[in-house]
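Open the model in your viewer and keep the selection panel at hand. We will go from stop to stop, selecting residues as we go.

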Amino acid sequence: MAVADLLVLVTEVVFWRLADIFSPRSFLSVTPVCALNIVLVFATTVVSVWLTVAFTFDRFVAICFPRQKTKYCTERTAALVLSALKCAPWYFTYEHQQIIRSVPWGCERKPDFYLSRYWAAFELTFYVVTPCVPFVVVLLLNVLTARYILAASRVRKRLRAQGAGKNVEDTEGENRRKSIVLLFSISGSFVLLWMTEIVFYTYQRITNTYGYSSNNPLYIAERAGVMLQLLSSCTNTCIYVITQAMFRGELIKAVKFPLKLISKLKPC
């Protein structure tokens, strides 16, 4: 999931938005490369979103149905999910902005994209599959997982109150609390940070308006939605660092490793 989030930031922030601002005439602005990069933006975003769903489903099965964990929580299941994500048609929705010395430059949506019923159906299906369906699935799985954990915790408290282990530290309950904190942190940030994007897209489809001037409040809302959507790709690693001691330990080891190599290369 961290790799997918990193790829979102590289393809959209670095190769698309920053390159367009600081290097508008680089090879990244050539129309075929630009259109391919946009496809990669959509693909990495879809993968990141569905990996969040896969993580939520993995925690749901591991907590609520531990005996089924080895059956469903596998790399094969994740590969089947990722193989079904197809974003290639977006490549054919863009055309050049201008031609300089027989070289097409820039990317802009083709007029047919806004007029064709087929492209409208494709866009609607794409945004329903990502992120509307994940939005609903994540909320549903979180509610079911939280309900199971709360019910199991009440049962454990009653059993401990009746037995002699009430003064013993409840490590199982502590692990469940950490799991639910991690689960709700990742999936909750996904829901909140994607909310503006979903609402704004729904508004666009209802009103059928797509172009705004830079001083229009709707333009600011659109840019804010994109910013928050990109921010959702930055939060997972931070959440892992805050909530998982093992992840923090591995991160510290990764930071110290090059320093150890440098110290070994120094002459005695």
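**Stop 1: the cores**

This is a predicted model. Its largest nonpolar core has 24 residues, and F42, C87, W90 and F126 have the most contacts inside it. Select those four to begin. Next, colour α2, α6 and α7, which each supply at least two residues of this core. The most comes from α2, with 9 residues. Now select F60, V61, C64 and L141. They are among the 8 residues of a second, separate core. In soluble globular proteins, nonpolar side chains tend to be buried together.

**Stop 2**

Go back to W90. Beyond its neighbours within four places in sequence, W90 is in contact with V39, F42, R109, F113, F122, E123, F126 and Y127.

Now select T93, in the loop between α4 (75-83) and β1 (94-95). Buried or exposed, which is T93? At 1% relative accessibility, T93 counts as buried, because buried means under 20%. The T93 side chain reaches the backbone oxygen of W90 at 2.7 Å. Leaving aside neighbours within four places in sequence, T93 is in contact with E108, R109, K110, F113 and W119.

**Stop 3: the largest pocket**

Show the largest pocket, which holds about 1300 Å³ of space. Select W16, R17, Y94, E222 and R223: of the 45 lining residues, these are the closest to the pocket's centre. Then show α1 (2-22), α2 (31-64), α6 (117-162), α7 (171-207) and α8 (217-243), the elements that give two or more residues to the lining. Finish by colouring the lining by class: 24 residues are nonpolar, 12 polar and 9 charged.

Note on methods
Residues are numbered from 1 along each chain as its sequence is written. This is a predicted model: local features need pLDDT of at least 70, side-chain atom pairs count only at pLDDT 80 or more; totals for chains, interfaces and linings use all residues. Side-chain values use heavy atoms; hydrogens and water are left out. On a 1 Å grid over the protein atoms alone, a cavity is a set of points where a 1.4 Å probe fits but cannot get out, and a pocket is an open set with protein on both sides within 12 Å along at least five of seven lines; lining residues have an atom within 4 Å of a point. Grid points are joined across faces, edges and corners, and a volume is the space filled by probe spheres set on the points. Helices (H or I, at least four residues) and strands (E, at least two) are DSSP runs, numbered from the N terminus. Ala, Val, Leu, Ile, Met, Phe, Trp, Tyr, Cys and Pro count as nonpolar, Asp, Glu, Lys and Arg as charged, and the others, Gly among them, as polar. Buried means under 20% relative accessible area, exposed over 50%, partly exposed in between (1.4 Å probe, protein chains only). A polar contact is a pair of N or O atoms within 3.5 Å; within protein, one must be able to donate a hydrogen and the other to accept it, and residues adjacent in sequence count only if both atoms are side-chain atoms. Contact means heavy atoms within 4.5 Å. A nonpolar core is a set of buried Ala, Val, Leu, Ile, Met, Phe, Trp, Tyr and Cys residues joined through side-chain atoms within 4.5 Å.
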